[in-house]
Amino acid sequence: MGTVAEARSGPAHDRAGPDAESAVLERELTEAVLAGAARSDVLHALVRATGRQVRLLSAQGAVLATTDGGSGVPATVADGVLAGAAGPVVDTLDGLRATALPVRAGTTVAGVLLTVGPGDPRVQQLAGAAVTALLIDAVRAGDDSAETSPPHTPADVVAALRSGTVSPSVCAAAAELGIDLQRPPAGAVLHYSGSRLRAWSTALTWLEHPVQQEARTAWTVAAGEVTLARLRSRLRHMTGDESAGDDVVAASGSHPESPIGLARSFAEAERLLGLARIRGVPLLTFGGCGVVQVLLPLPRAHLEAYAEAHLGPIRQRPELMATLRAWLAERGSRQSVSEQLHLHRNSVGYRVRQIKNLLGTDPLLPAASAELHLALAALDLLAADDRQPRGDEPVSAGH
């Protein structure tokens with residue numbers, strides 16, 4: 001006793017269905033653990049039964065036992081698996097795809113069980129046969145894997161809301177931070193382009209709002225535009241860049257109907273941040289972005305196709321694109337466009353005639369104007385996506 005018998009093989013076992021196979025394995029593993037087998041024995045039995053490497057993680061995603069020496073998963077991912085808010089397929093910290101299974105019963109948490117490799121219903125069912133044995137081992141050992149998760153940090157909460165992994169423990173932690181998930185706020189993002197990066201990082205720690213920071217970018221939640229504007233103003237003041245233009249740019253997404261919708265709101269905020277930087281505005285919200293609202297859910301391929309369909313003949317003519325933008329903005333005032341682009345009035349007229357000929361329409365006709373405004377907004381959003389801040393920008397280079 002004290003070890004787990006190897007998974008049966010042979011004709012009789014091969015004819016057994018997955019339910020019978022997992023029932024036999026569950027009985028074997030449970031009896032073996034009750035007889036003194038260790039969780040490492042359980043994992044190796046699973047390897048023999050499934051042909052997959054196996055890892056047992058703590059509630060925080062750290063490795064407790066493994067058959068391949070591999071890594072765990074981020075704490076927010078483990079928390080989502082345990083809460084049933086995350087799907088069964090996860091990515092490990094060492095870059096492998098794995099199927100995750102929560103190992104918990106009531107308040108007893110043994111952790112997360114991973115079988116490395118692509119999803120397979122049979123493998124998942126066999127892994128489930130080990131849950132009872134691992135829970136018995138956790139209770140018997142009285143180790144950290146059977147304890148409740150430690151409190152989430154503010155950064156953990158924001159990261160979970162960004163990913164849509166909204167478990168009961170995340171909701172509880174959010175409530176303690178003053179975030180009302182019954183009426184969810186909007187996802188918000190701020191970006192710093194100044195030179196005082198250390199001051200920026202310090203300023204973020206002084207905010208009363210929960211913040212997740214990656215180098216020059218910070219994510220938080222905001223109840224409205226006034227709140228976001230106040231956060232941006234405080235950060236500019238604390239970094240000492242109040243007179244340095246728009247070194248802090250902020251954006252926020254829509255207000256979701258449920259906490260799960262915050263993931264979409266954060267995605268919208270990130271796209272709008274890129275658009276704000278392209279347009280040179282310090283703050284842009286979902287409510288204030290105009291027709292861009294209808295474009296935000298669209299993938300790049302759809303934006304590209306729409307822009308090409310309506311602007312294709314002049315997209316590679318920057319002088320005509322600039323003239324079209326000004327012509328639409330000034331509602332066909334040749335004098336205003338002339339002053340804005342520093343062109344002679346006759347030159348403006350010549351360019352507008354080219355635009356009409358190439359596009360086959362008058363840009364000022366209501367239907368054409370609406371389509372062209374939307375196509376130009378699509379181009380701006382494509383450019384904004386390319387300007388989204390990178391998480392690998394260094395923080396330590398500041399003064």
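1. Start with Y192: in this predicted model, Y192 sits across from V248, a residue of strand 9. The two strands involved, strand 6 and strand 9 (residues 248-252), run antiparallel and are joined by five bridges.

2. Strand 6 has another partner too. With strand 8 (residues 217-222), strand 6 pairs in the antiparallel sense, this time over six bridges.

3. How many residues of strand 6 (residues 186-192) are buried? Seven of the seven, so the strand is largely enclosed by the rest of the structure. Remember that in a regular strand the side chains alternate between the two faces of the sheet. Here, A186, A188, L190 and Y192 are buried on one side, and G187, V189 and H191 are buried on the other, so both faces are covered.

4. Now hop over to S58, in the loop between strand 1 (54-57) and strand 2 (63-66). Is S58 buried or exposed? Buried, because its relative accessibility is 7% and the cut-off for buried is under 20%. Leaving out residues up to four places away in sequence, S58 touches L64, A78, G111 and V112.

5. Last stop, helix 3 (residues 39-50). Its twelve residues reach 16 Å from first C-alpha to last, close to the 16 Å expected at 1.5 Å a residue. Buried residues in helix 3 include V42, L43, L46 and V47. Just after the helix, look for G51, which takes a positive phi of about 75°.

Conventions. Residues numbered from 1 in each chain as written. Predicted model: local features only at pLDDT ≥ 70, side-chain atom pairs only at ≥ 80, totals over all residues. Heavy atoms only, no water. Helix = DSSP H or I, 4+ residues; strand = E, 2+ residues; numbered from the N terminus. Expected span 1.5 Å × (residues − 1). Buried < 20%, exposed > 50% of the residue type's maximum accessible area, 1.4 Å probe, protein only. Contact = heavy atoms within 4.5 Å. Pairing = 2+ DSSP bridges.
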